[in-house]
Amino acid sequence: MALLELKNVTKNYNNECCALDNVSFSVDKGEFVSIIGPSGAGKSTLLRCINRMVEASSGEISVDGVISSSLSKKKLRKLRTKIGMIFQHYNLVDRLTVIENVLHGRLGYKSTLAGVLGRYNQEEKSQAYRIIEILGLNEQIYKRCDQLSGGQKQRVGIARALVQNPKIILCDEPIASLDPNASKIIMDHLRNISKEMGITIIVNLHQVEVALKYSDRIIGVNRGKVVFDGAPCDLTTRQIRDIYGSESEDLIFELGERHAG
Amino acid sequence: MRDDIFTKRRNGNLVFFLALLILSVGSIIITEYDVIKGFTSITKAVIWGGSNFYPDAESLRILPEIFPKLQETVLMSIAATTVAAVLALVLSLAGSQTTRINRIFSIVSRGIASLFRNIPIVAWAMVLMISFSQSPLTGYLAIFFGSLGFLTRAFMETIDEVGNNSIEALQATGASYFHIIFQAVLPASMPQMISWLLYMIETNIRDATLVGVLTGTGIGFSFDLYYKRFDYHAASLVVLLIVITVIVIELVSNNVRRVIL
Ligand SMILES: Nc1ncnc2c1ncn2[C@@H]1O[C@H](COP(=O)(O)OP(=O)(O)OP(=O)(O)O)[C@@H](O)[C@H]1O
Ligand SMILES: [Mg+2]
């Protein structure tokens with residue numbers, strides 16, 4: 001059975017048509033899926049419908065066998081612990097240290113009092129240290145996050161998602177604010193997470209060449225509709241034109257270079 | 001097209017200054033305020049003050065009398081302000097766009113804030129005197145209510161400035177409302193809030209003097225007493241002490257600010 005399944009998901013903001021239009025697909029455990037599409041296509045909306053940060057207008061989404069739309073508040077919190085999320089702007093609490101931000105990933109498992117006081121047990125702490133080490137942040141562990149570089153901040157974001165012990169990690173343009181070097185480090189970490197830990201990665205990207213390089217599968221979205229769903233090697237110039245519409249010319253040029261090189 | 005914007009802006013500024021000029025000249029005419037006499041009487045006041053309103057050696061005898069009064073005023077201001085800050089924190093969390101629980105609470109607490117903020121402290125003192133007569137409690141409550149409105153507003157803006165990003169991230173991990181308040185909102189906004197609190201204490205020590213004149217308590221009462229007895233040397237010593245106190249408090253809070261910000 002698929003880990004994540006979307007059936008006929010539609011989303012209208014303010015009764016306007018249609019940020020998402022009848023989207024259906026399913027994703028397996030450990031898959032690395034990229035979602036590409038022009039600005040305003042509905043990529044962020046799609047991602048946020050999965051953990052119900054945005055409520056879908058209609059359709060059905062199930063995560064790990066649980067249908068999310070009807071869950072009570074408490075059950076929704078429990079479901080969200082299984083879904084990590086990382087953001088373009090990292091969304092850390094800048095005044096807190098790396099370790100504190102990473103441990104925020106455990107809050108979904110906590111009682112009100114324990115979470116308010118920030119009490120974490122030894123196991124949670126050593127897990128956090130382990131993950132921080134994997135992501136190469138040892139030296140920054142007690143630094144405040146406003147003293148980190150963008151690439152380091154994003155790795156803190158990944159660590160926060162990982163301590164949740166998630167089954168899926170959703171990434172909304174994780175490298176859009178980073179230079180090519182830092183971007184590569186982040187994407188390599190994400191690939192390792194999916195290959196070695198078996199965690200499903202769904203990532204919104206606006207660089208087609210990055211999507212081609214890293215993904216097991218690409219989903220192309222245009223105006224809320226899925227217009228492509230397949231392996232990177234099946235993505236043709238024509239289909240890129242379908243996904244991006246008129247913006248596509250320079251993208252196709254880059255793709256041509258890749259095939260030549 | 002571009003030029004139009006600049007012309008528009010210049011004309012806008014011109015209109016603004018003209019309006020200001022008309023307003024100012026209009027008010028002078030209506031109130032029959034004599035500008036020349038106004039300025040010449042300033043010099044007169046300075047000359048009178050220089051020859052009468054200064055502490056002399058003899059007035060120092062009142063020091064043991066007024067130190068406890070000064071202390072009472074300072075402590076009363078600090079107590080009233082900090083208690084108001086606690087309530088203001090609750091109101092601002094309920095009122096802020098990013099942390100509000102629902103719209104009705106938000107509107108109510110915004111309403112309380114702007115109502116209390118727009119009633120001058122002196123008016124509070126007068127009104128409260130009706131029920132509590134001339135007592136320290138009247139002064140305490142006047143300062144408390146006056147601060148409550150201002151601090152709620154200031155805290156609300158601080159919370160709004162911290163923004164939605166880290167709140168969104170913690171929501172996505174499955175953290176509950178109180179987790180988010182204590183782990184993200186407060187750590188991020190506390191330094192700025194403390195800075196506002198210190199500012200409020202500074203202004204309140206000044207205002208408490210004035211309130212004391214009305215309610216017959218604290219250092220304001222001492223000032224009133226000496227002033228009405230035409231003991232200008234003693235009255236001026238009181239003023240000098242207040243000025244020194246306010247400066248000391250300001251220096252202390254500037255240091256605190258430097259450390260926390
Ligand atoms: N909160 C909102 N309220 C109203 N409309 C919204 C809201 N969020 C998104 N939209 C609309 O929904 C559509 C899809 O937006 P979305 O943010 O999902 O696009 P995107 O593919 O992530 O774009 P980008 O690449 O620029 O991030 C857009 O037309 C946008 O204007
Ligand atoms: Mg987006």
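Trainee: Hi! Where does B:Ser109 sit?
Mentor: B:Ser109 belongs to helix 4 of chain B, residues 103-117. Helices here are DSSP runs of H or I with at least four residues, strands are E runs of at least two, and both are numbered from the N terminus. This is a predicted model, so local features need pLDDT of at least 70 and side-chain atom pairs count only at pLDDT 80 or more, while totals for chains, interfaces and linings use all residues. Residues are numbered from 1 along each chain as its sequence is written, chains are lettered from A in the order in which they are written, and side-chain values use heavy atoms, with hydrogens and water left out.

Trainee: Ok, is B:Ser109 buried or exposed?
Mentor: Buried, because its relative accessible area is 2%. Buried means under 20%, exposed over 50%, and partly exposed in between, using a 1.4 Å probe and protein chains only.

Trainee: What does B:Ser109 touch, then?
Mentor: Leaving out residues up to four places away in sequence, B:Ser109 touches B:Leu91, B:Ala94 and B:Gly95. Contact means heavy atoms within 4.5 Å.

Trainee: And which backbone oxygens lie 3.3 Å from a polar atom of its side chain?
Mentor: One belongs to B:Leu91, and another to B:Ser106.

Trainee: Switching topic: how many residues of chain A are in contact with chain B?
Mentor: 29 residues of chain A, and they meet 21 residues of chain B.

Trainee: What's the area buried there?
Mentor: About 1900 Å², with 61% coming from carbon and sulfur atoms. Buried area is the accessible area (1.4 Å probe) that two parts lose on being put together, summed over both. On the chain A side, A:Asn91, A:Arg95 and A:Val116 lose the most, together 28% of what that side buries.

Trainee: How many salt bridges cross the interface of chain A and chain B?
Mentor: The rule finds one. It takes a side-chain nitrogen of Lys or Arg within 4 Å of a carboxyl oxygen of Asp or Glu. B:Glu168 pairs with A:Arg48 in a salt bridge, where the closest N and O atoms are 2.8 Å apart.

Trainee: Where is B:Glu168 in chain B?
Mentor: B:Glu168 is one of the buried residues of helix 7. That helix, residues 165-173, is mostly covered, with seven of its nine residues buried.

Trainee: What covers them?
Mentor: Among the covering elements are helix 1 (43-50) and helix 6 (150-162) of chain A, plus helix 8 (177-215) of chain B.

Trainee: And what follows helix 7 of chain B?
Mentor: B:Gly174, with a positive phi near 100°.

How values were computed
A polar contact is a pair of N or O atoms within 3.5 Å; within protein, one must be able to donate a hydrogen and the other to accept it, and residues adjacent in sequence count only if both atoms are side-chain atoms.
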